[in-house]
Amino acid sequence: MRSKIIIRAAVMAEQQALEAVQLRASLTNDGDREAVLANPDAIRIPLEQLAAGRVFVAELNGETLGFSAIEPRVDGQIELDALFVEPKIRRQGVGRLMVEYCAEVARKQGSTALHVIGNPHAENFYLSCGFEQTGTIQTRFGVGLQMRKAL
Ligand SMILES: CC(C)(COP(=O)(O)OP(=O)(O)OC[C@H]1O[C@@H](n2cnc3c(N)ncnc32)[C@H](O)[C@@H]1OP(=O)(O)O)[C@@H](O)C(=O)NCCC(=O)NCCS
């Protein structure tokens, strides 16, 4: 399956559909459900991020499997800003494929690492993708894991 997956830049018209993917994916994290439902504004893909070509869709036979987004940081490094896979297609390598894609984009843009503030639910996923934890940070929804993947 992995070899047939296409990763492409998202288009602006996909904003709502991708936000729906994000909502479905976020609701599967035990303990996050209440906070997600109480704060619908947290599920938002900025139009400027879409317009800048920093949102990437993973697609198989025209069906969206998930998406990722990157953002430049003030220090010039690249941050993985979003990563969501449709619940029905989990553990089939889609998340890893999108991390690899974002890492390559970041490397081409001169970043020496891909950074992420990881949801603790995704810790094992990020570790498996080659990230190391560098610290923790308080986010709006609890503790986030500061992680980096050397490029
Ligand atoms: C985290 C997420 C993106 C992973 O996507 P995925 O496509 O299921 O991940 P992959 O299939 O590429 O997993 C790669 C490896 O990560 C690890 N992994 C992934 N999910 C895991 C889990 N729930 N528990 C333990 N290890 C996990 C495994 O080692 C896996 O390899 P394996 O299946 O061969 O054992 C997906 O679960 C998701 O969208 N979660 C909800 C949203 C979220 O928390 N996003 C992160 C925000 S920081």
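**Exercise 1. In which helix does V21 lie? Find out, then describe its surroundings.**

Before we start: this is a predicted model, so treat everything below as computed from it.

Step 1. Look up the residue among the helices: V21 lies in helix α1.

Step 2. Check how covered it is. Buried means under 20% relative accessible area, and V21 comes in at 2%, so it counts as buried.

Step 3. List what V21 touches, skipping residues up to four places away in sequence. You get T64, G66, F67, F84 and E86.

Step 4. Pick G66 from that list. V21 and G66 sit 45 residues apart in sequence, yet their C-alpha atoms are 6.8 Å apart in space.

Step 5. Zoom out to the whole helix. Helix α1 covers residues 15-26 and lies across β2 (55-60), β3 (63-72) and β4 (78-85), at about 95° to β3.

**Exercise 2. Work out the strand order of the open sheet.**

Step 1. Walk across the seven strands, and you'll read β1-β2-β3-β4-β5-β7-β6, with mixed pairing.

Step 2. Find the edges. They are β1 (6-9) and β6 (132-139), each pairing on one side only.

Step 3. β6 and β7 (residues 142-150) are joined by seven bridges, and T139 stands opposite G142 in β7.

Step 4. Now a parallel pair. β4 and β5 are linked that way over three bridges, with V116 in β5 as the bridge partner of L80.

Step 5. Check how covered β5 is. Five of its six residues are buried, so call that strand mostly covered.

**Exercise 3. Identify what builds the largest nonpolar core.**

Step 1. Here's a handy background idea: in soluble globular proteins, nonpolar side chains tend to be buried together.

Step 2. Count the members. The largest core has 27 residues, and I5, L80, V94, L114 and F131 have the most contacts inside it.

Step 3. Ask which elements give two or more residues: β2, β3, β4, α4, β5 and β7. The largest share, eight residues, comes from α4.

Step 4. Leaving aside neighbours within four places in sequence, its contacts include V99, L114, V116, Y126 and M147.

**Exercise 4. Explore the largest pocket.**

Step 1. Start with volume: the largest pocket holds about 1600 Å³ of space.

Step 2. Turn to the lining. It has 50 residues, and the closest to the pocket's centre are N29, L83, F84, N119 and Y126.

Step 3. Find the top contributor. That's β4, which gives seven residues to the lining.

**Exercise 5. Compare the backbone and exposure of N61 and R91.**

Step 1. N61 is in the loop between β2 and β3, while R91 is in the loop between β4 and α4.

Step 2. Read phi. N61 has a positive value of about 50° although it is not a glycine. R91, also a residue other than glycine, has a positive phi near 60°.

Step 3. Judge the exposure. The cut-off is over 50%. N61 has 75% relative accessibility, so it counts as exposed. R91 has 86%, so R91 is exposed too.

Definitions and conventions:
Residues numbered from 1 in each chain as written. Predicted model: local features only at pLDDT ≥ 70, side-chain atom pairs only at ≥ 80, totals over all residues. Heavy atoms only, no water. Pairing = 2+ DSSP bridges. Helix = DSSP H or I, 4+ residues; strand = E, 2+ residues; numbered from the N terminus. Contact = heavy atoms within 4.5 Å. Axes fitted to C-alpha atoms, helices over the stretch in contact; angles between N-to-C directions. Core = buried A, V, L, I, M, F, W, Y, C linked by side-chain atoms within 4.5 Å. Buried < 20%, exposed > 50% of the residue type's maximum accessible area, 1.4 Å probe, protein only. 1 Å grid on protein atoms, 1.4 Å probe; cavity = no way out; pocket = protein on both sides within 12 Å on 5 of 7 lines; lining within 4 Å. Points joined across faces, edges and corners; volume = space filled by probe spheres on them.
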